[in-house]
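Hi there,

Here is the structure I promised to pass on. Have a look first, and my notes follow below.

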Amino acid sequence: MAEKLQIAKYWGAACGGCDVSLLDTNEFILDIAAAADIRFWPIAVDGKYSDLEAMDDGELDVSFYNGAVRNSENEHVAKLMRQKSKLLVAYGSCAHLGGIPGLANLASKDEIFDRAYLHNPSIQSGNETVPLPESTDDGYELEIPAFYERVYKLDDVVDVDYYLPGCPPAPTQVKAVVQVLVAALTGQAEAPPKGAVVGASEVAVCEDCPRTREEKKVTKFYRPWQIIQDPERCLLEQGIPCAGIVTRSGCGVRCPNTNMPCRGCYGPLPNVTDQGAKFVSALGSIIDSKDPDEIEQIIADIPDIAGLSYRFGLPASLLQRKVTP
Amino acid sequence: MTFEPKIVGFLCNWCSYTGADLAGTSRIQYAPNVRVIRVMCSARVDPTFVIRALEEGADGVLICGCHPGDCHYSEGNYKLMRRYPLLKKLLEEYGIENDRVRLEWVSASEGQRFADIVNDMTERVRELGPSTIRPALQADAAGR
């Protein structure tokens, strides 16, 4: 191993929040810079794909990949990073579970292109131009990444060593995970088992939530802005769909502590295969009615159950995407 | 060859499974397309079970429990009654046809009713054709 650790970070289909979360470790980022050479990090340091391609296999000690895999460019860099790195970490909800971009799996590629490029109020009507992977303009052959039919999570395309969940991961957890990995790579500590979810706990958000819990029986569901909430009491008991009950903790209960329901970004609890199905089960169970019509009326207040229950993990769900017959 | 739907049936032990048993002991002839899984109570049918069955290639899923008010555990079937419409909304967003998943209340004495439900559901699913979920997911995995 070189004297300094060799690290890299990349964003696939992502918003950039994960890159910022690494900077949110504040002065710790200076310790990272002191202990490691940042070889590749498009959002923060200069570097080209050709630099990554020129590296030897396994030359990088740790790579952090954030973002989902939406197009051929994302997949290409994911495979390159895997090849060049000893350890590859799926950083954040998108790489871990598919994240917000994964919600696009409820629409086909054609539907997305139609909405984005053809029939959209902000687009000149009659537009027929959609991006093509290969095109010719003025005699020049142009290539852009191919847009896939659906969104994948990182481990659908490459082997992943560790998962660091969160949208974005909490800076304290980022710091702790970096320290663990540095200790493991320098032989000072044992590495976590391959495939582990790191930087998160093994219990539900509710375990760490300071709100008081009484009885879960609701006759109406509210969206957060529709109700003046009791800041002390469990949000779910107040009829606000809070995913804390089906979500892994470790985030520091950031959302419920700021009066917002948990959205489930830390992903399913250990041994749970499908987070959204569990959320459907939990939400259904607390409805206080024995009348089918009234039950229908109560759930009518939840406009998008798939978006609510799989907000960060549709590509990681059992069904993964909408099926068009 | 005509398409024979594969339907997974979750039947509660106390009413519906006994009802299906009655259909058998009464020698009622009905479609052989439902593969029965006995559960202690319809409340045991976690939405994950239904989704898993569809993901594994089932063309339909039938859930049967005691009639409301008749649950062996007093309130179990009400739990399912509350979860089921949410699950249906979820499946609709996934593009899964309404007739593929069905909930019915069948008592221990309703052997004929169980047979009728199975026949009706089998025909509806046959009309829909084979589920495309599993082939689509396999194509996704292979086509990358």
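This is a predicted model: local features need pLDDT of at least 70, side-chain atom pairs count only at pLDDT 80 or more; totals for chains, interfaces and linings use all residues.

Of the 325 residues in chain A, 43% count as buried. The secondary structure of this chain consists of 13 helices and 10 strands.

Chain A is split into three parts: domain 1 (5–100 + 153–197), domain 2 (111–149) and domain 3 (205–316). The centres of domain 1 and domain 2 of chain A lie 31 Å apart, taken over C-alpha atoms. Four residues from each of these two domains make up the contact between them. On the domain 1 side, strand E4 (69–71) and helix H4 (72–84) of chain A each give two or more residues. That side has two polar and two charged residues, and no nonpolar ones.

Then there is the partner chain. In the contact between the chains, 28 residues of chain B meet 28 residues of chain A. Helix H2 (47–55), helix H3 (76–93) and helix H5 (133–143) of chain B each supply at least two residues on the chain B side. H3(B) gives the largest share of that side, with 11 residues. By class, the chain B side holds 15 nonpolar, three polar and 10 charged residues.

Best wishes

Terms used
Residues are numbered from 1 along each chain as its sequence is written. Chains are lettered from A and ligands numbered from 1 in the order in which they are written. Domain bounds come from an automatic or database domain assignment. Two residues are in contact if their C-beta atoms, placed from the backbone, lie within 7 Å. Helices (H or I, at least four residues) and strands (E, at least two) are DSSP runs, numbered from the N terminus. Ala, Val, Leu, Ile, Met, Phe, Trp, Tyr, Cys and Pro count as nonpolar, Asp, Glu, Lys and Arg as charged, and the others, Gly among them, as polar. A residue is buried if 20 or more other C-beta atoms lie within 10 Å of its own, exposed if 12 or fewer, and partly exposed in between; C-beta atoms are placed from the backbone.
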